[in-house]
Amino acid sequence: MNVNETLIRDVVAEVLGRLNGAASPQRNAPAPASNGCGCGDKRVNLASGGSISTGAGKHGVFADANEACAAAQHGFSQLQRKGMAARAKVVEIVKTLAEKNAAEWGRIELEETKIGRLDHKIAKLQIIKLVPGVEWLRPDARSGDHGITLEEYTPFGVVAAITPSTHSIPTLSGNIVNIVAAGNAVVFNAHPGAAKCAALAVREYNKAIERETGIQNLITIIETPTLESFKALCENEVVRLLCVTGGPGVVKAAMQSGKRAICAGPGNPPVLVDDTCCPTRAAKAIIEGASFDNNLLCIGEKEVFVLDSVADKLMQRMSENGAVKLNSPQLDRLTKAAFTIKEGQGGGCGHASVNRDLIGKDATVLAKAAGIEVPAGTQMLFAETEANHLFVQEEQMMPMVPVVRVKSVEEGIERSLQAEHNYKHTSIIHSHDVEHMTAMARALDTTLFVKNGASPAGLGLGGEGYLSFSIATPTGEGITNPKTFTRVRRCVMVDNLRIY
Ligand code: NAD
């Protein structure tokens with residue numbers, strides 16, 4: 001062997017040695033077949049130094065929150081190696097399975113939660129295909145005399161997501177599409193009253209993902225979620241971001257956790273109806289939005305303010321289109337059944353709580369509580385009330401909508417603003433006067449503002465736009481999409497690669 005040959009061999013050996021030693025364990029190395037000790041044990045080393053089971057064979061469902069996080073971190077590493085094609089495949093799997101299983105999963109979710117309507121539970125799964133996926137992520141580029149700069153939307157790692165009882169599998173499925181399209185893994189803490197159906201969907205999604213991509217536990221879930229498991233997720237170091245969908249309690253808890261939180265919080269959407277609108281169109285839209293899944297949607301019409309001059313006509317049209325009007329004694333009976341007011345606290349004080357037994361129940365059930373029988377298929381109930389009535393002030397989440405007469409558009413806007421409680425969630429107007437629309441939009445400053453349509457139009461259902469079941473209101477990200485779950489990273493080439 002001459003000197004040159006020896007030199008070449010040495011250089012090749014050194015380069016290969018460096019490549020093996022320097023490869024990032026997360027990005028470039030092949031999937032670890034073992035824990036590095038050669039025993040073949042399916043465990044993963046964490047940055048913390050701990051060694052936790054990756055949960056092979058669990059299909060994402062874990063009893064322990066920290067194990068669920070570790071497995072999701074391992075899932076994230078696998079997704080990183082498999083690239084954009086694997087993300088797109090996962091999105092396709094989730095959309096396909098949600099649609100294919102809509103009837104069965106909708107029934108299972110309704111049986112578990114006992115809130116909402118079967119037809120709309122099914123519909124909410126069929127529309128997961130409208131949630132944006134990997135196509136949403138387009139890098140931004142700058143080009144000039146000093147070269148080129150690329151800004152890319154890159155993943156955080158593991159996202160912890162908290163889902164509500166009102167739409168458990170739909171929120172979970174929509175979150176997966178957004179979060180995985182952005183390149184992350186996700187660990188879920190579902191609502192305890194809607195956790196079985198969520199775990200079932202996670203299991204099925206993971207089985208298909210593993211079969212199609214080889215990735216295990218990209219989506220994990222705590223089998224029996226509790227406040228403690230929520231706390232454990234918040235404290236786990238692999239969780240980089242929280243995505244919370246729920247009421248005021250969980251939003252507050254997430255914001256106090258010390259982790260960055262994207263919060264899709266509560267709403268109490270007001271509807272303003274003026275005398276320039278089409279009362280028939282307004283009545284139909286109010287019924288469509290407020291009766292959808294028995295008014296469980298956070299965007300659903302919760303109270304109506306209508307100009308006195310058009311109020312009778314609007315209510316007449318509502319009666320003609322599937323809604324039943326309650327009289328004053330019937331309203332009183334239903335109010336007593338629907339709200340609990342603690343001793344020493346009066347109506348309208350904001351401390352009443354909604355009776356969970358009536359949340360999301362059919363109009364026929366609410367009518368019974370009001371002391372009347374209504375025909376099967378009645379879409380919703382309504383009643384004339386004062387502006388400070390509990391049905392106006394509380395997020396009732398049932399198909400019973402209070403209608404309040406106002407003397408002017410200004411009064412209607414003021415009352416809408418008060419009833420919305422600064423959630424900055426959703427508001428709706430029925431009007432053909434652009435000045436009224438503009439005034440209400442400016443005053444309420446809500447994330448969604450729908451004009452002349454039913455509330456779901458704000459999520460692309462009967463209006464233009466895209467869908468998400470998590471509308472980030474207090475934290476301001478708006479209707480969540482894949483970009484919501486990314487870090488922006490900049491890559492700069494100085495003085496080169498600009499090609500003219
Ligand atoms: P909820 O607040 O009772 O529960 C939501 C989730 O938070 C559940 O997983 C629950 O277990 C958890 N949770 C509740 N309190 C918690 C706490 N203190 N610490 C940790 N976790 C806690 O709400 P829900 O009845 O399931 O859903 C209805 C509420 O969610 C309504 O207020 C509705 O407006 C809101 N919501 C908002 C959106 C949105 O996109 N903005 C979407 C759906 C529902």
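1. What volume does the second largest cavity have? In this model, which is predicted, the second largest cavity has a volume of about 30 Å³, and its lining is made up of Cys277, Cys278, Arg281, Ala282, His430, His432 and Asn452. By residue class, that lining divides into 3 nonpolar residues, 3 polar residues and 1 charged residue.

2. The structure holds 2 cavities of 30 Å³ or more, and the largest cavity contains about 80 Å³ of space. The residues that line the largest cavity are Lys124, Ile127, His167, Phe292, Leu297, Cys298, Ile299, Leu459, Leu461, Ser468, Phe469 and Ile471. Sorted by class, the lining of the largest cavity comprises 9 nonpolar, 2 polar and 1 charged residues.

3. Turning to the chain as a whole, the secondary structure of the protein chain comes to 15 helices and 22 strands.

4. As for burial and surface, the protein chain has 500 residues, of which 53% are buried; here a residue is called buried when its relative accessible area is under 20%.

Notes:
Residues numbered from 1 in each chain as written. Predicted model: local features only at pLDDT ≥ 70, side-chain atom pairs only at ≥ 80, totals over all residues. Heavy atoms only, no water. Helix = DSSP H or I, 4+ residues; strand = E, 2+ residues; numbered from the N terminus. Buried < 20%, exposed > 50% of the residue type's maximum accessible area, 1.4 Å probe, protein only. 1 Å grid on protein atoms, 1.4 Å probe; cavity = no way out; pocket = protein on both sides within 12 Å on 5 of 7 lines; lining within 4 Å. Points joined across faces, edges and corners; volume = space filled by probe spheres on them. Nonpolar A, V, L, I, M, F, W, Y, C, P; charged D, E, K, R; others polar.
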